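My notes are below the structure.

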Amino acid sequence: MSDTAIAERPPAARSAGRPPVSREKKRARREARGGWTLLAPSLIILGVMVGWPAILMVVQSFTDYTVRNKVQGTLPDFVGLDNYVALFTQSDFPAVLLRSLGLMVVLTALIIVLGVLVALLMTRLGRGWRIVVSVGLLLAWAMPPLTATVVWGWIFDTQYGLVNAALNAITGTSDFTNYSWLLNPWSFYMVLTIIVVWQGIPFVAFTTYAGLGQVPGEVIEAASLDGATGWKRFWQVVFPYLRSILTVVLVLQIIWNLRIFTQVYALQSRGGIASETNVLGTYLFRQGVGEFGMTSAIGVVMVILLLVLSWGYVRTTLKEEEL
C-alpha cells in the first residue's frame, strides 16, 4: 500500500491495528500518578532527613574524617575498610556488641512474656481492677526514661536506697549499708533490666490486650469444651490470632532494646563503670571525640545488624501482601 493511501485513511482506520487502552488501565495510571503526587512531599522529606545522612554515614565510614578536617575545611583521606578492621580487631567493640546482643535477648524475652501475661490477666479482671491496672501501666509507660532511671537509681542508692534499708531489715544485719548496686557489672545490669522491663511491659500488654479482643469467644469456649487446658488453649487457639501482632511487637522490642542509651548512660553517671557496662549506644557516644570515620563505621554496623534482625518480619510482611 502506498504512502498516499495510508495518509488518506481516516483516523479510525489508522488506529484499528492498535489495541485499545481500557478504561481500567487509564484509571489505574491516573490513580498511580495521584498517589505518587501525594507521596512526593513525604518522600522528599524522608530523603533529606534520612536518605542523605545515611549515604553520608556510609561514605564517611571509608575515610579518616576527623574534627580536624571539619575545622580546617580539608578533605579526608580514603582508607577503605581500615575503620572496620580496626573496629573488630583493635578495640573492645566485639565485647560491647556481644554484651548488647545478650542484654537485648534477655530484655526482649522478659518484656514479651510478662507483657502477654499481664494482658491475659487483664481479660480475667473485673472492670474496676482492670482500670486500676491500666492506669498503673500508663503511668509507667508515660514516665520519661531519664526520670524513671533517676527514680530507680534512688531506690537502689548506696546510702539512702530503699532496697538496702529493706534488705538490712529483713536480714537483721548491716551488710547492705553503703552497698553499691551499680559498681558490679552484674548487679548494674540487674537494675538496668528492672528499669527497661518495667517501662517496656505496658506497650506489649496494651497491644496484646487489644489483639485478644479479636479472638472469637465461641472458639475459646469450644476449645474448653473439648478439654483443652489453659496452655493448649493459648498456644493452639489464641496464639494464631496474635501471631502477626506479636511479630510486630517482637521486632520493635528488638530494635528498641538494642538501641537503649538513656538508661545505661544515666546509671553509669550514678556510679557504674562505663568500660564494663557500655552497650552499643553509649559506646558510640563515648567514642573518640571528632572521630567521624570510626563512629560512622559503628553506625553502619548497627544499621546492618538491625536490618538482619528485622529481615524475617519484613519478608513475612511482603509475602502476606503478595497473598
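**Entry 1, helix α8.** I kept in mind that this is a predicted model. I looked up which residues of α8, residues 145-155, are buried, and found Ala148, Thr149, Trp152 and Gly153. They span an arc of only 135° around the axis, so they sit on the same side of α8. I then checked what these buried residues pack against: α10 (185-212) and α13 (262-269).

I noted about 590 Å³ of space in the largest pocket. Its lining has 21 residues, and Val116, Leu120, Leu212, Phe234 and Val238 are the ones nearest its centre. The elements that contribute two or more residues to this lining are α6 (93-124) and α12 (230-258). I recorded α12 as giving the most, with eleven residues. By class I got 15 nonpolar, three polar and three charged residues in the lining of the largest pocket.

For the second largest pocket I wrote down about 400 Å³ of space. I listed 17 lining residues, with Pro145, Val196, Gln199, Trp256 and Gln263 nearest the centre. Two or more residues of this lining come from each of α10, α12 and α13. Which element gives the most to the lining of the second largest pocket? I found that α10 does, with four residues. The lining of the second largest pocket divides into ten nonpolar, six polar and one charged residues.

I went back over the element names. α10 and α13, against which the buried residues of α8 pack, are also among the elements that line the second largest pocket.

Note on methods: Residues are numbered from 1 along each chain as its sequence is written. This is a predicted model: local features need pLDDT of at least 70, side-chain atom pairs count only at pLDDT 80 or more; totals for chains, interfaces and linings use all residues. Side-chain values use heavy atoms; hydrogens and water are left out. Buried means under 20% relative accessible area, exposed over 50%, partly exposed in between (1.4 Å probe, protein chains only). The arc is that of the directions from the helix axis to the C-beta atoms. Contact means heavy atoms within 4.5 Å. On a 1 Å grid over the protein atoms alone, a cavity is a set of points where a 1.4 Å probe fits but cannot get out, and a pocket is an open set with protein on both sides within 12 Å along at least five of seven lines; lining residues have an atom within 4 Å of a point. Grid points are joined across faces, edges and corners, and a volume is the space filled by probe spheres set on the points. Ala, Val, Leu, Ile, Met, Phe, Trp, Tyr, Cys and Pro count as nonpolar, Asp, Glu, Lys and Arg as charged, and the others, Gly among them, as polar.
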